[in-house]
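Biologist: Please take one residue of this model and describe its surroundings closely, with the cut-offs behind each term.

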Amino acid sequence: MKRLLSIGLILALALTALPAITLGDGVTLNVWTNMTGVVNETFAEVCREFTAETGINIDYAAPANDYEALMKTKMATEDLPDVFSTHGWSVIRYSSFLRPLNDQLWFGDISEVIIPLITDDDGNIFVLPVDIDIAGIVYNRDILAEVGVDVDDIVTWTDFAAVCELVKEAGYIPVYLGGKDDWTIGQFFDWVAPSFFVTNEAENDRDALIDGTFDWNKWGALADMFADWNQRGFLNVDAATSDYATCTTELGLGNVAFEFFGNYAIVDANKAGPANLGMMPIPAYFEGDTPTLIAGERLAMGVWKDSKHPEEALQFINFLARPEIMSKLASANGALAGFESVESDTGAVAGDFEKYADVRTFPYFDRIYLPNGMWNDLCATGLGILNGSMSTEAIVDYMRESYLEKMDLL
């Protein structure tokens, strides 16, 4: 009962966090996203523009760190927002709740980069991909130049650790994390795990992770690397209690060399900076493997199939699909637009997109290789390392048990 009450309270707070945009006299659409920072502010502006033009009101909520838990609650009660962002799960988690959008006029303009990641086995898509999340590690160009490092010489995690030592000796923070917003911890593991288990063509666990035969003892190497970084002082001392806003502030002030965020972090960091920032590929774990990039949904919006206002919801989706609106939102994320025909301002990383155009790209690890619900385990075990409450052995056991339970193999 206490659990239900706490969820209800959080839900109420989330819904009242941003008041309804009521410039018109029409119906009201409930619209939710998981966006934070500059793009969240920009999305709210777009909602106001839509209401001013159409008279359709928008009740917009952006619960940020609580988004996934709240959406799971709403799926369980079958009471979803009219329009919502799918945060990488439009096919696997949300497709049964969403209206297919193949019949929209913009369907044929979706970028070839993102279309395979949002299409189900029957060829259906369920979201408008406003932008495309192609990312690596955000880094400070000036700090690397100061310590005499060419970013393209960072090929493996061994190379990366050696650079972190140089950065620390120079008086900077090598890697900044914001554990109060625990998704920042989960994202670290989500981005690093592919190099251990997926990207190496000569030796990988792709099939084993999907069919339930993965040897979780292998996870110990990843947990050990994170713990080693913590012990060697590569992470900010308040990594378990800091937050995302502080991460981007420190990044913008030029105090941090590396952060495991998408390019949206550079946009947010510019509010405090601007530092001289760029994007680099994610290093390899195995000798002989090569660095890679991460790809997936960023701001992708779908329509609840049981919405009481389906026509108005589609009207809003098509408003977001306008070239000038899509460009505005994608630029706020520092991301490529979701349509081939739409250009966006990718800012400091425009040259990096061109430079690394041929680097191999892999989907977010948890979206393909972990069962639904294990994202929270990435966050919890990472925090366990930071606060000293979990050993590597305990983490391996925890991850194994959660995996087997969620795969229905216990």
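**The surroundings of Asn140**

Modeller: In this predicted model, a polar atom of the Asn140 side chain lies 2.9 Å from the backbone nitrogen of Asp142, and the Asn140 side chain also reaches the backbone nitrogen of Ile143, at 2.8 Å. Both pairs are polar contacts (N or O atoms within 3.5 Å, one able to donate a hydrogen and the other to accept it, with residues adjacent in sequence counted only if both atoms are side-chain atoms). The model is predicted, with local features requiring pLDDT of at least 70 and side-chain atom pairs pLDDT 80 or more, whereas totals for chains, interfaces and linings use all residues. Residues are numbered from 1 along each chain as its sequence is written, and side-chain values use heavy atoms, leaving out hydrogens and water.

Asn140 belongs to strand S6, which spans residues 137-140; strands here are DSSP runs (E, at least two residues) numbered from the N terminus. With a relative accessible area of 3%, Asn140 is buried, a term for values under 20% with a 1.4 Å probe and protein chains only.

Leaving aside residues up to four places away in sequence, Asn140 touches Gly254, Val256 and Ala257, as well as Ala275, Asn276 and Leu277, where contact means heavy atoms within 4.5 Å. Met279 is 139 residues from Asn140 along the chain, yet the C-alpha atoms of Asn140 and Met279 are separated by 8.7 Å. Asn140 is therefore a buried residue, at 3% relative accessible area, whose side chain reaches the backbone nitrogen of Ile143 and whose contacts include Gly254 and Leu277.

Notes: Helices (H or I, at least four residues) and strands (E, at least two) are DSSP runs, numbered from the N terminus. Buried means under 20% relative accessible area, exposed over 50%, partly exposed in between (1.4 Å probe, protein chains only).
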